[in-house]
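Look at the model below before reading on. The paragraphs that follow take one chain by itself and then turn to its partner.

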Amino acid sequence: MEAAANSTAPSLLEAFPRLHQLKRLDRGYVRRLEELQLRAREFADRHLRERALDIDRRAGEDPSYFDWDVVRAGLPHGMLGLSVPAQAGGTGGLIVHAAVVMEELCTACPGLANIFGAHALGIAPLLIDGPAHYGVLGEITAAERRGEPLLMAMAITEPDAGTDVEDIDLLARARISSHARRVPGGYALNGVKRFISNGSVARWITVTMPVDPRRPAATWTCFLVDAASDGFSVARVEHKMGQRACPAAELVFDEVFVSDERVVGRVGDGAGATLIVLAASRPPVGAIATGIARGAYERLLRWLREDPAAQGMLDRQHVQLQLAGMAEEIHLARQAYMDAATEFDLAALGGVLSHPLLRGMGLVPASVRRRSRLRRLVTSPRARDATARFLRSATSDRAITRSFGLSSLAKARGGDVAMRVTHAALEVAGLTDAPIRAELEKLWRDAKLTQIYEGTNQLNRIEVYRALVAGETMPALPGRDGDARAEEEVTA
Amino acid sequence: MTAVAATASGAAAERDEVVAVARELGRRELAPRGLDLDKRRPGALDAAWGQVAEVGFDRALLAVDDGGVGLDPGSLLLCLEEIAAGDGGVAILVLLANAALAALPAELAAQVGEGKRWALVPAPPEEAPTGARIEVAAREDGTVVVGALSPALGALGADGIVVVGRGAEPAVLALPAGTAGLRIEACEPQLGLRAAAAARISLSDATAEVALPPAEAGAATADSLTLLRAGAAAIGRGIARRAHDLALAYAEERVQGGVPIVEHDAVREMLAAMAVRLAATPSPALGAPAGEAAALAAKLAAADAAVATTTDAVQVFGGTGYMHETGVEKLMRDAKFLQLWPEPSWVARSLLVDLRR
Ligand SMILES: Cc1cc2nc3c(=O)[nH]c(=O)nc-3n(C[C@H](O)[C@H](O)[C@H](O)COP(=O)(O)OP(=O)(O)OC[C@H]3O[C@@H](n4cnc5c(N)ncnc54)[C@H](O)[C@@H]3O)c2cc1C
């Protein structure tokens, strides 16, 4: 199929009619989002669409195949600095921005899009740790400007704990085999992480591990690991059903040293931080799923209109009803992810974003941040405590939990919609000999993953129950006793 | 393994024995080769087909006197379910080989040698948008065929094809591989049932053996399609059963939340739905195809059951199910492909109403 932009692709205001209202109130916000959508669409049309099938085939034959050229092509479009704060050289996009970009990229190729999605996931934990990691974030954006891709990943899942590490309560009972042991000046990481997107190609990986494996939930901690560290290795790259362009790797940590400066947040705050990260990352997964569904719908419609072999099919009521059903599902999935993303940006994190302290902290100039004494200052336990206190003052566990509920809803519904729409599109096209069949088959394979990763749909729905139905409040924010606990762990 | 020939007859006990042979074939010979067949590793198909031929399933429907096994179609369907529980693609090849032999008159069918693999190629229905059509013309020097057929499941690498035409002018035509004017090329990519490699067939003035006179071709074509759909139904059941068995075993073994995941209601729901779908899918044990409409309905039910069950099976396996090695995602691809063949389900549903009117 040609790379040309599709006439059925909706404009931002067509996709989200409610933004007409917002446009009157905040023209700049909507305009920026419109520009971003077009930029992402252009990148997808120019660089992803044409290469999608070929890269999928190559990675199918050799899972370690990775197309750096496509990643490089994303650099001028700002794909790697999208969620990095402006103070660290990025464009400071929030979850709404990430989600809109993901939908566009996924209409072209969900596998390639997931490279950028997993990168943003890797960055997410750093963002809730104040300016402590602006150094690494600054490296990413500086490299982007030089035309060098520097990717991130996030490693939570372990062989014996998948669902169990995605939920705070389950984590307490999980079989965790990883362990971050206290050593002078930092921690020694040991263990295996499984199915890590970008794991084999990332330069930096945010990794969660317990400091005390007997108390995983209470001591779950996030670390920033340099993939060039001694003791870090990639054990295997998985042979996947779909989204093949983005490698999923098994990572082995054998006494990997991480300095105190590279602990993300406070020791023991990792479980709550994971919850915040998932509240932030699930709306974009809903958008990934929506983009997959839209990609199938647009391709099918175009084929029905243009291919002589499909002549007359659009006159069939069956086909019309199928297309109407697809349009319906895509629209609803899209509104769900937009609701969730907006809730996260403006309700859960709203206070944080407008908080003067954040601006104050963020404005530390890069030249100062590079000076090691000052860097130590922003990464000191005291600075981490200040960030934690600041988060507590600016938002609440309840607000985050509610956002988490909506995010889980958007993710689960999106995944189901992606499956249903690709399934229906394939059925309408049948065994046609046109190239569209291969494209729809690929999108159908890609779609299945959206029901599994970022927590299975089953787990996401259990969380919808807890957060939205039962009205539970989950402990997401760093605890008040964190100062004391962190000290205790650090000196233990 | 017992030779099928020794036991082939209609009697129930003997039928059970034949089915047991098919089950062993599926379990021991095909299931372990599933990934190699899916990846089309060199030698994998030859080895599998060798096993199939050794117990006579390549010519099960052929009369004993003609060198076959003399199995009745109902028994073959039961066996196909078992073979498909090993590998869906190989089951398709067995179905296509037997359907090809069944469509030919006995004297022609008898000439197909032991272990040879022929494939029935149904021309697409009018409604299905495959863009492939054939035209048959009688000339002085024989019957010539022009056109294209694709994707023709199982035709790649076949020793010959039997084309059955649908529509206004039914025809049953035999074309051995190598016939001048007949080109059989790979038709990639293929989502599932990959042991039965699909081909793009082009015919440019290929001279075909007219197997049946036009007067008889109509009935033979309908019978062939009924056999294909009833066979596809049996294969769908086999794939669904395998997915259910793998998912149940994994659910008992995988621990999350401190208990085997079979203890979680979310997983139970999926396992129960699998069992219900299997129970609600007509068994091929109903005997010889109960007619065209029944076969179509059975195929629709079984293909839907297979797609839903294999999709849930991947879900029960979580991330592990998404990876090739477990073989579960293969079942999902096989099931989805089956749903599109010999015609996509929406076309089949429409045909079903026509047959019932
Ligand atoms: C291609 C791919 C990319 C991925 N990328 C990443 C990544 O970048 N980083 C990362 O950390 N992880 C990643 N993951 C891991 C992903 O998040 C997990 O696969 C997912 O959380 C499910 O865990 P699991 O695979 O261990 O399944 P399991 O947890 O073993 O689940 C198996 C089944 O049991 C059910 N189940 C389990 N526990 C419960 C319960 N308590 N109640 C009800 N049902 C339950 C599940 O719903 C599922 O149906 C990736 C996975 C894949 C496949």
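This is a predicted model: local features need pLDDT of at least 70, side-chain atom pairs count only at pLDDT 80 or more; totals for chains, interfaces and linings use all residues.

Residues are numbered from 1 along each chain as its sequence is written, chains are lettered from A in the order in which they are written, and side-chain values use heavy atoms, without hydrogens and water.

Chain B holds 12 helices and 9 strands (DSSP runs, H or I of at least four residues for helices and E of at least two for strands, numbered from the N terminus). Its radius of gyration is 20 Å, close to the 21 Å that the globule rule gives for 357 residues, so chain B is as compact as a globular protein of that length (taken over C-alpha atoms; the rule is 2.2 Å times the number of residues to the power 0.38). The C-alpha trace of chain B spans about 80 × 45 × 45 Å along its principal axes.

Turning to the partner, 49 residues of chain A are in contact with 43 residues of chain B (heavy atoms within 4.5 Å). In chain A, M241(A), E427(A) and L431(A) lose the most area to chain B, together 18% of what that side buries (buried area is the accessible area, 1.4 Å probe, that two parts lose on being put together, summed over both).
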